[in-house]
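Reader: I'd like to go through a model with you. Can we take the helix packing to begin with, then the rest?

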Amino acid sequence: MLNMIDKVWIIPALMAVSFLVILFFGKRWGTKVTAGIGIASVSICLILSVVVAGNWINRVNNPPTGTALAAEIVQANGLTPQTGQTISEEVNAATKDSGETVATDSYGASDESVPPVVRTVTWFQIGGLQFEMGTLVDGLAAMMLITVCIISLLVHIYSTEYLRGDVRFTHYYAFLSLFTASMLFYVLSSNTLQMLMGWELVGVCSFGLIGHWWEEKKNTDAALKAFLTNRVGDIGLILGVIITFFAAGGSSFNVLHLNEYALSGNANTTLLLVGALCLFGGVTSKSGQFPLHTWLPDAMAGPTPVSALIHAATMVVAGVYLIARLYGVFFSGLAIGSSTFHYVAFIGGFTTIIGGLLAFVQTDLKKVLAYSTISQLGYMVMALGVGAWTAGVFHLFTHAFFKACLFLGAGSVAHACHHTFDMREMGGLRKKMPVTHATFLIATLALAGIFPLAGFWSKDEILAGSANGQENAYTIMLIFGLITAFLTAAYMGRAYWMTFWGKYRGHAHPHESPRVITVPLIILAGCAVVLGFTNFPKSFFGFKLPGSFTTRFEHFVEPTFAFPPIAHAPFTPWLAIASTILAAGGLFVAYQYYEKNRGPHGLTSRSKIAHAGYTFLENKYYLDNLYTGVIAGSTTGPLARAANWSNQNIIDGAVNGIGNGARKIAGVVYAVADQIIIDGAVNGSGQGSEGAGQLLRKIQTGKVQQYASILFAGAVVLAGVLVFVV
Amino acid sequence: MFLNQFLLLAAILFCIGVYGVLARKNGVLVLMSIELILNAVNINLVAFGAYWHVNDLANVSGQVFALFVIAVAAAEVGVGLALVLLIYRNRQSINIDDVDMLKG
């Protein structure tokens with residue numbers, strides 16, 4: 001089989017080339033060719049990613065052993081031979097006792113270490129420090145590659161119809177290519193510095209695409225808000241990168257090196273805690289965690305396919321990916337294995353609930369989905385926080401597909417309804433748009449976590465992880481998770497019934513979207529159905545599949561090298577039943593309330609408490625007011641006054657002082673240097689040459705014979721010199 | 001060989017030529033004086049040529065060189081006379097003292 005795992009850099013490079021080609025030739029070659037270039041590049045990337053994943057599966061099944069393994073580990077770490085030696089000894093010990101397992105059962109050999117494939121080149125050297133660029137491929141990276149490529153490809157295809165006739169069609173496709181390139185670059189990064197670059201690049205693309213229709217002020221405002229909110233978190237990220245770099249000895253940004261140091265036992269956990277919390281600042285903004293989630297709903301101002309790709313499936317999970325990638329740092333920094341409560345898990349759990357609650361008061365279908373994304377991202381962070389690494393990453397994987405399906409479905413609906421996302425102007429669309437309706441329903445059920453769709457499996461793993469957890473149960477996280485399971489089903493039920501049932505309330509003539517739009521929806525819905533089985537539990541209500549069919553995702557994606565020892569929660573029947581009942585209950589409540597109009601309607605106008613709660617939610621917990629009004633307002637006023645004062649007194653004083661001084665100096669310079677010295681020199685040389693000219697013009701008589709006389713006289717003199725002197 | 005006579009003749013001719021060039025006001029005479037100078041040179045060339053190749057009479061490089069000088073002199077005088085003609089046309093005079101527009 002083709003070995004792509006060494007040359008995996010080709011994949012982001014290809015997308016970057018596509019970006020440049022579209023940027024420079026897109027306008028000239030027209031929209032069809034532009035879209036064709038983008039789709040072709042992503043397709044090739046998808047194929048290559050599948051090859052990479054195949055290579056990785058092959059590597060897990062036939063892991064390198066002995067000296068080959070030791071050599072690879074040294075190469076992977078970029079360590080000096082002395083430190084590398086101790087590691088290879090460790091690994092030799094590890095491979096020895098795993099040797100038997102390999103022989104008996106090639107699938108059950110989970111004890112052994114399969115190091116990621118790391119290929120680096122030196123980027124630059126400074127102060128004896130070598131900065132490297134490289135690729136790191138393991139199961140996690142391969143999974144992300146495939147996820148990003150599939151969704152990017154479907155979004156590319158979908159956009160050909162959705163953005164048909166758009167003024168900046170080529171600009172849009174260029175940005176899509178750049179985004180895909182940056183995201184692939186990010187997930188393949190071998191060191192934190194490189195991750196930072198990828199992180200910022202995807203942020204730029206997000207900014208550009210949110211503001212795609214910049215003619216409207218609210219879109220540019222949303223883009224700016226996204227960008228600035230992310231800057232706040234990015235400061236944390238940069239600090240985190242620096243702190244972890246120095247914590248781990250200040251010799252390498254290499255991800256594996258950082259993880260190994262963090263897990264080595266003699267790590268400085270205080271420093272790691274600070275580093276992990278700083279890194280989490282970046283996660284908070286990028287992955288929409290409380291309290292920096294406010295940009296994500298506004299980001300829905302961008303084109304819907306962009307929301308599906310960037311603000312649901314891929315870019316926003318960059319933060320989750322960061323935690324998953326640097327899990328060693330987070331694990332020992334936050335003491336995930338031994339504490340019952342810590343910041344990351346709490347924020348994750350808290351975000352799930354606040355996101356879920358906010359989704360109820362939105363009338364904009366996309367904003368419901370945006371808050372749902374926030375809520376689900378909180379789920380992932382919570383899962384990683386409680387030590388259920390696989391559950392969190394698995395949820396990332398499944399969520400990407402069904403949430404992309406929901407967004408693209410919402411786009412399809414809007415495409416039919418004159419580009420409105422207001423659910424109050426929808427309703428009764430299930431007959432008019434059967435395909436969109438069916439796919440939306442499947443994705444809704446998957447998100448709500450109904451058996452046997454993808455969301456059921458991943459959500460259930462998270463809940464099981466929170467319940468059984470590490471040594472201590474994270475009970476509060478479990479409660480958060482269960483509440484959210486109910487909320488998710490309820491708000492998705494609300495959106496679903498408001499959009500597809502009842503009577504049509506809008507003024508357009510909705511019709512089913514063309515195949516370019518429905519086929520991606522069908523593919524994504526299919527993924528939402530089947531992908532949950534990739535991590536089928538070992539025992540499902542006593543039902544056991546052969547070992548080679550269960551927990552495949554865990555087996556291939558979970559790192560086995562430089563990775564903390566985490567407990568894997570088994571499938572927990574009572575939790576699965578409880579969460580399913582909650583989800584079904586949520587859907588039922590939504591059905592009764594929004595479709596059948598039963599229950600306490602008009603509560604908000606009768607009860608003051610309910611009204612206050614509604615207003616509180618409608619104002620998004622007043623967070624935006626806090627940011628723009630209180631924080632920005634209270635700082636800008638005094639800041640402006642202080643700036644004015646310093647302007648008037650300090651800066652103006654300095655400027656005036658400098659000005660006056662300069663004027664005085666200039667006066668002296670003018671009188672002495674300019675007038676006397678320089679002018680004197682200039683005038684003197686002029687007068688000198690004039691005098692010389694006056695003298696010399698006397699010989700210039702114009703009489704040829706006089707010239708000839710001088711010529712001959714000169715010749716005579718020269719002849720005399722020649723004869724008598726020489 | 002009597003080289004001296006030739007050199008003496010050439011020197012006299014040269015001096016007459018120089019005098020003519022420097023003292024004559026008539027442009028045509030000045031040109032003629034230039035011819036005298038050139039012919040003085042020709043005499044020298046032929047005389048030295050014959051003197052150096054007295055044992056090799058087939059070698060006539062001096063004489064050939066003199067022929068070249070005559071050819072160039074003919075061309076030069078053609079240009080010179082054309083100039084004089086133009087001066088005459090413009091000023092109705094061939095007095096070269098009148099042509100002093102280069103005066104500084």
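Reader: How are helix 14 of chain A and helix 20 of chain A oriented to each other, roughly parallel or roughly perpendicular?
Author: This is a predicted model. The axes of helix 14 (residues 343–358) of chain A and helix 20 (residues 475–500) of chain A cross at roughly 20°. Angles under 35 degrees count as roughly parallel, so helix 14 of chain A and helix 20 of chain A are roughly parallel to each other.

Reader: Within what distance do the axes of those two come?
Author: The axes come within 9 Å.

Reader: And which hand is the crossing?
Author: Helix 14 of chain A passes helix 20 of chain A in a left-handed crossing.

Reader: Which residues in helix 14 of chain A meet helix 20 of chain A?
Author: Ala345(A), Gly349(A), Thr352(A), Ile353(A), Gly356(A) and Leu357(A). On helix 20 of chain A, the residues they meet include Phe480(A), Gly481(A), Leu487(A) and Tyr491(A). By class, this contact has nine nonpolar, six polar and no charged residues.

Reader: Changing topic. How many residues does each chain give to the contact of chain B with chain A?
Author: Ten come from chain B and ten from chain A. On the chain B side, six are nonpolar, one is polar and three are charged.

Reader: Last one, Met197(A). Where does it lie?
Author: Met197(A) is in helix 6 (residues 192–210) of chain A.

Reader: Why is Met197(A) called partly exposed?
Author: Because Met197(A) has 16 other C-beta atoms within 10 Å; buried takes 20 or more, exposed 12 or fewer.

How values were computed:
Residues are numbered from 1 along each chain as its sequence is written. Chains are lettered from A and ligands numbered from 1 in the order in which they are written. This is a predicted model: local features need pLDDT of at least 70, side-chain atom pairs count only at pLDDT 80 or more; totals for chains, interfaces and linings use all residues. Axes are lines fitted to C-alpha atoms, for helices over the stretch in contact, and angles run from 0 to 180 degrees between N-to-C directions. Helices (H or I, at least four residues) and strands (E, at least two) are DSSP runs, numbered from the N terminus. Angles under 35 degrees count as roughly parallel, over 145 as roughly antiparallel, 65 to 115 as roughly perpendicular and the rest as oblique. A crossing is left-handed if the near helix is turned anticlockwise from the far one by less than a right angle, and right-handed if clockwise. Two residues are in contact if their C-beta atoms, placed from the backbone, lie within 7 Å. Ala, Val, Leu, Ile, Met, Phe, Trp, Tyr, Cys and Pro count as nonpolar, Asp, Glu, Lys and Arg as charged, and the others, Gly among them, as polar.
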